[in-house]
Amino acid sequence: VLLNALASAPITALDTGYKGTQLKATMQLGTQKTIFKPKRYPRDVIIEGDPYKGLDMHTAEIVGFHLDGILDFRIAPPVAGRKISLNALKNVTSKALLETYFIQGQFTPHIGSCYFTCPSPSSYAPPPPRLPSPSSYALPSSFALPLFVCPPLLVCPP
């Protein structure tokens, strides 16, 4: 039920993202806040080199969620694929995000920013008519999470 809601519930608000290493936006699905990261590369592109060389693949969060379940870690937030139309969502888009939209032929890209690895400004042009992206469940800020300690077989970032 939750994954279906992430993939298809009506979007009631769309706003700029928050701190992090990748371009993202926040979406409201009714009263639930979610995070979406737009597609930046075609699916068949392979990024070589350091892990932070390129931008996230839009399918990586979805794969990570399902792999987490297969390995029985149960630590990844629920994520589902979704396609959105930036043009169709203008009536629920925040002023701050709308100010970053510009028209480029048939595309309506927007300029966003991320705090660590994106060139500034970072833009993307979604393919018409809808932009593929993962929709990640966001826990309410009042929900305190315990400190996660990496399992011994995993290499955790410093």
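**Notes on the predicted model**

1. Starting at the N terminus, the chain's elements come in the order α-β-β-β-α-β-α-β-β-β. That makes three helices and seven strands, with helices (H or I, at least four residues) and strands (E, at least two) taken as DSSP runs and numbered from the N terminus.

2. A word on ground rules: this is a predicted model, where local features need pLDDT of at least 70 and side-chain atom pairs count only at pLDDT 80 or more, while totals for chains, interfaces and linings use all residues. Residues are numbered from 1 along each chain as its sequence is written, and side-chain values use heavy atoms, with hydrogens and water left out.

3. How much of the chain is buried? Of its 158 residues, 34% are buried; buried means under 20% relative accessible area, exposed over 50%, and partly exposed in between (1.4 Å probe, protein chains only).

4. Now for the inside. In soluble globular proteins, nonpolar side chains tend to be buried together.

5. There is one cavity of 30 Å³ or more. A cavity here is a set of points on a 1 Å grid over the protein atoms alone where a 1.4 Å probe fits but cannot get out, and lining residues have an atom within 4 Å of a point. The largest cavity holds about 70 Å³ of space, the volume being what is filled by probe spheres set on the points, which are joined across faces, edges and corners. Ten residues line it, with L23, K37, P38, R40 and D56 nearest its centre.

6. Which residues form the salt bridge? The structure has one, and it pairs D72 with R74, whose closest N and O atoms are 3.1 Å apart. The term means a side-chain nitrogen of Lys or Arg within 4 Å of a carboxyl oxygen of Asp or Glu. Both D72 and R74 are exposed.

7. Last, have a look at T93, in the loop between β4 and α3 (95-98). T93 counts as buried because its relative accessibility is 9%. A polar atom of the T93 side chain lies 2.6 Å from the backbone oxygen of L89.

How values were computed: On a 1 Å grid over the protein atoms alone, a cavity is a set of points where a 1.4 Å probe fits but cannot get out, and a pocket is an open set with protein on both sides within 12 Å along at least five of seven lines; lining residues have an atom within 4 Å of a point. A polar contact is a pair of N or O atoms within 3.5 Å; within protein, one must be able to donate a hydrogen and the other to accept it, and residues adjacent in sequence count only if both atoms are side-chain atoms.
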